[in-house]
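Subject: Structure handover and notes

Hello,

Below is the structure I said I would pass on. My notes follow it.

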Amino acid sequence: MLESAWCDHSMTQWLTLKNLLSQWLMTPTLILVPLVILVGLLWLIPRRRWKRLFAGLGIILLVIYFTATSSLTVTLASQGLVAFLPEDSGETVDAMVVLGRGYPFRASRVEVAAKLWQEHRAPLIFASGAGDASETIELFTAAGIPNQALAHEDCSRTTKENAEFTAAVLQPQGVRTILLVTDPPHMLRSLLTFRHFGFQVIPRTSPLPSELTPRRKAVMVFYEYLAFVSYGLQGRLFPQSISEVTSLQLLKYNPISL
């Protein structure tokens, strides 16, 4: 199991920036009003060399915002995130991993995973995510899944940590092949990240909440593309061998005392 110290990490600057960016993008007033004011004020200023440049930039940003948040753009971008996902082969796996993303997403993930468990696709359901895993386990218990078929970790706050901490717990138990349950926008990055940590992954997407607003969905899709690029540049989307993953786990979770 993970040491409790791994759950005591403070929120990273990236997570803080992500939360601020999400709130900003989901509040149109905070974007549109400053841009409109900027463009309007620039045209009131006496002729300056840089006036048209900044006014044009403001107009371009307005066009980009409306284009990026349009239903057509979001639909096409969403399709791009699922177009290359492999199909479920139907085979039995060592475990099922359910990722957390907050309360609105929880019920659909539990429903998908519980159905797969009832179909005997995996003997174990593992929930991963700080602030989500324990509550997800409670829903599985309420759905009739026995306690011996459930496990979780409450430490991870990012997709990378989901995969890393899940590997630290499950791989020593011989778990190699998993069914991975998360929402469609999140699946591609999650699948590649779990592969990076030595798992063979079969994806099973869970539906997005019906109450999800178009703007919230647009922000999710936008963030996934940014995160995909970031993970790629950090080498988190490329597979490692089991021996490499095991060596890293031994160094990280069982440091040698000097």
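In which helix is Thr193 found? Thr193 belongs to helix α8. Please keep in mind throughout that this is a predicted model, so every value below is computed from it.

First, the chain as a whole. Its secondary structure amounts to ten helices and five strands. Of the 258 residues in the chain, 41% are buried. Among contacts with a separation of 6 or more, 76% are between residues 24 or more positions apart.

Thr193

Thr193 has a relative accessible area of 0%, under the 20% limit, and therefore counts as buried. Apart from its neighbours within four places in sequence, Thr193 is in contact with Thr159, Lys160, Ala163, Tyr231, Arg236 and Leu237. Thr159, Lys160 and Ala163 are also listed on the α7 side of the contact between α7 and α8, and Tyr231 is listed on the α9 side of the contact between α8 and α9. Thr193 itself takes part in the contact with α7 and in the contact with α9.

α7 and α8

Helix α7 covers residues 159-170 and helix α8 covers residues 184-196; their axes come within 9 Å and cross at roughly 40 degrees. The crossing of the two is right-handed. On the α7 side the contact involves Thr159, Lys160, Asn162, Ala163 and Thr166, and these meet His186, Arg189, Ser190, Thr193 and Phe194 of α8. By class, the residues of this contact are two nonpolar, six polar and two charged.

α8 and α9

Helix α9 spans residues 214-233, and α8 packs with it at an angle of about 20 degrees, the axes being 9 Å apart. Because angles under 35 degrees count as roughly parallel, α8 is roughly parallel to α9. Here the crossing is left-handed. From α8 the contact takes Pro185, His186, Leu188, Arg189, Leu192 and Thr193, and from α9 it takes Met220, Tyr223, Glu224, Ala227, Phe228 and Tyr231. This contact of α8 with α9 has eight nonpolar, two polar and two charged residues.

The aromatic pair

How many aromatic pairs does the count come to? The count comes to one aromatic pair. It is formed by Phe194 and Phe199, with 5.8 Å centre to centre and 40 degrees between the planes, and it is tilted. Phe194 is buried, with a relative accessible area of 0%. Phe199 is buried as well, at 3%. Phe194 is also one of the α8 residues in the contact with α7.

His120

Most residues other than glycine have a negative phi. His120 is not a glycine, yet its phi is positive, at about 60 degrees. Where does His120 lie? His120 is in the loop between α5 (103-118) and β2 (125-128). With a relative accessibility of 64%, over the 50% limit, His120 counts as exposed.

Regards

Technical notes: Residues numbered from 1 in each chain as written. Predicted model: local features only at pLDDT ≥ 70, side-chain atom pairs only at ≥ 80, totals over all residues. Heavy atoms only, no water. Axes fitted to C-alpha atoms, helices over the stretch in contact; angles between N-to-C directions. Helix = DSSP H or I, 4+ residues; strand = E, 2+ residues; numbered from the N terminus. Left-handed = near helix turned anticlockwise from the far one by under 90°. Contact = heavy atoms within 4.5 Å. Nonpolar A, V, L, I, M, F, W, Y, C, P; charged D, E, K, R; others polar. Phe/Tyr/Trp six-rings, centres within 6.5 Å; stacked < 30°, edge-to-face > 60°. Buried < 20%, exposed > 50% of the residue type's maximum accessible area, 1.4 Å probe, protein only. Parallel < 35°, antiparallel > 145°, perpendicular 65-115°, else oblique.
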